Amino acid sequence: MNELEELPIPLLTWYRENARVLPWRSDPTPYHVWVSEIMLQQTRVAAVLEYYRRFLEALPTVADLAACPEDELMKLWQGLGYYSRARNLQKAARQVMEEFGGTFPSDYDAIRSLAGVGDYTAGAVSSIAFGIPVPAVDGNVLRVVSRLTDDHRDVTRPETKNALRQALLDTMPRFAPGDYNQALMELGATVCLPNGAPLCGRCPAAGFCAALREGTIDQLPVKPKKKERRIEERTVYLIVRMGKIALRRRPEKGLLAGLWEYPNELSPWPPPVEGAAAFGGEGKHIFTHMEWRMRAYVVEAGTDALPEGWVWADRTELAGVYAVPSAFQSFSHLVEEHLAGGGQ
Ligand code: SF4
């Protein structure tokens, strides 16, 4: 893979001129790098910025994160999705407190042993915060490397990932591993774009990129066909009474675990709504493997009684206490209208 040997100097030069200014880059403590890397998994930089700022304002140290009450943590994460990331962050923070005496570990294997930290995150934190020369291979990096070297192996297979990771390890500049990893990710995020649309004219590797030379860019990276998403039709009940709405907590395990939701059920449309209910609107939400198509009904409750584990929440509590996932975002206007007009 000669292309990877040629890459470091042009890539680092390009990165130093073109790197986006990001808050975790200006103060790359291990805690900052780790929190930002976890937030950036499955989420775009622009969406992460404000969450990152609020998160660090509320929880400036690993000890604060370890001690944060669950509902507060979920509230800080509300809307960012993939909530198990937040739970694992806290689990790992507690590991840092208990197993590492409150100091973030500084070697790769110890970092890799933290909850929610895989090869990629361990590589990113080790190299950026501690200058350890290990690669951090995410989807962006796999795309860049497979194109640069015209590699047609399936990048979702562990053997391919391992081989590309090893090739990067063998060729990465020992004097700047953190910048090099970030530069590769940055190139993938801003220049070597997915779906056959890279901006090769702006790429520091254009002079020696094998896929550009061979005309194979739109075939790379090679991935198996995606499975179709399962579609679930759900009925959502917006149960209101005197300026409050009923919420229930989702189970501790599985999708959106432990978050609060408007009661809903899997049911083919039209749904079996009885009594005084008004059709409120439709919404949908796309998860990785599934899509929810929801119809909401507003139900005026005749009594305060709720099943066990459910709660009544007013506007303030909905905004500040209970984390309702953005899957229900389509109904937030409707809920707001009913709570505002519902009498106090
Ligand atoms: S030349 Fe084009 S395809 Fe090759 S690495 Fe650069 S942006 Fe990607």
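In this predicted model, the ligand is surrounded by Arg-147, Val-191, Cys-192, Pro-198, Cys-200, Cys-203, Ala-206, Cys-209, Leu-212 and Ile-217, where a residue counts as near if one of its heavy atoms lies within 4 Å. Local features need pLDDT of at least 70 and side-chain atom pairs count only at pLDDT 80 or more, while totals for chains, interfaces and linings use all residues. Residues are numbered from 1 along each chain as its sequence is written, and side-chain values use heavy atoms, leaving out hydrogens and water.

**Ligand site**
- The shell around the ligand holds 9 nonpolar residues, no polar ones and 1 charged residue; Ala, Val, Leu, Ile, Met, Phe, Trp, Tyr, Cys and Pro count as nonpolar, Asp, Glu, Lys and Arg as charged, and the others, Gly among them, as polar.
- The ligand takes up the space of the largest cavity (on a 1 Å grid over the protein atoms alone, a set of points where a 1.4 Å probe fits but cannot get out; a molecule sits in it if more than half of its atoms lie within 2 Å of its grid points).

**Overall architecture**
- The protein has 16 helices and 7 strands, which are DSSP runs numbered from the N terminus (helices H or I, at least four residues; strands E, at least two).
- Of its 344 residues, 48% count as buried; buried means under 20% relative accessible area, exposed over 50% and partly exposed in between, with a 1.4 Å probe and protein chains only.
- The C-alpha trace spans about 75 × 50 × 35 Å along its principal axes.

**Helix H2**
- The buried residues of helix H2 (residues 8-18) are Pro-8, Leu-11, Leu-12, Trp-14 and Tyr-15.
- These residues lie on the same side of H2 because they cover an arc of only 160 degrees around the axis, taken from the directions from the helix axis to the C-beta atoms.
- The buried residues of H2 pack against helices H1 (2-6), H3 (23-26), H12 (158-171) and H13 (177-190), contact meaning heavy atoms within 4.5 Å.
- Ile-9, Arg-16 and Glu-17 are exposed on the face of H2 turned away from its buried side.

**Backbone details in loops**
- The peptide bond from Leu-220 to Pro-221 is cis, with omega near -5 degrees, and Pro-221 lies in the loop between helix H14 (210-214) and strand E1 (230-241).
- Asp-150, although not a glycine, has a positive phi of about 55 degrees; Asp-150 is partly exposed, with a relative accessible area of 22%.
- Leu-256 is not a glycine either, yet has a positive phi of about 50 degrees; Leu-256 is buried, with a relative accessible area of 11%.

Technical notes. 1 Å grid on protein atoms, 1.4 Å probe; cavity = no way out; pocket = protein on both sides within 12 Å on 5 of 7 lines; lining within 4 Å.
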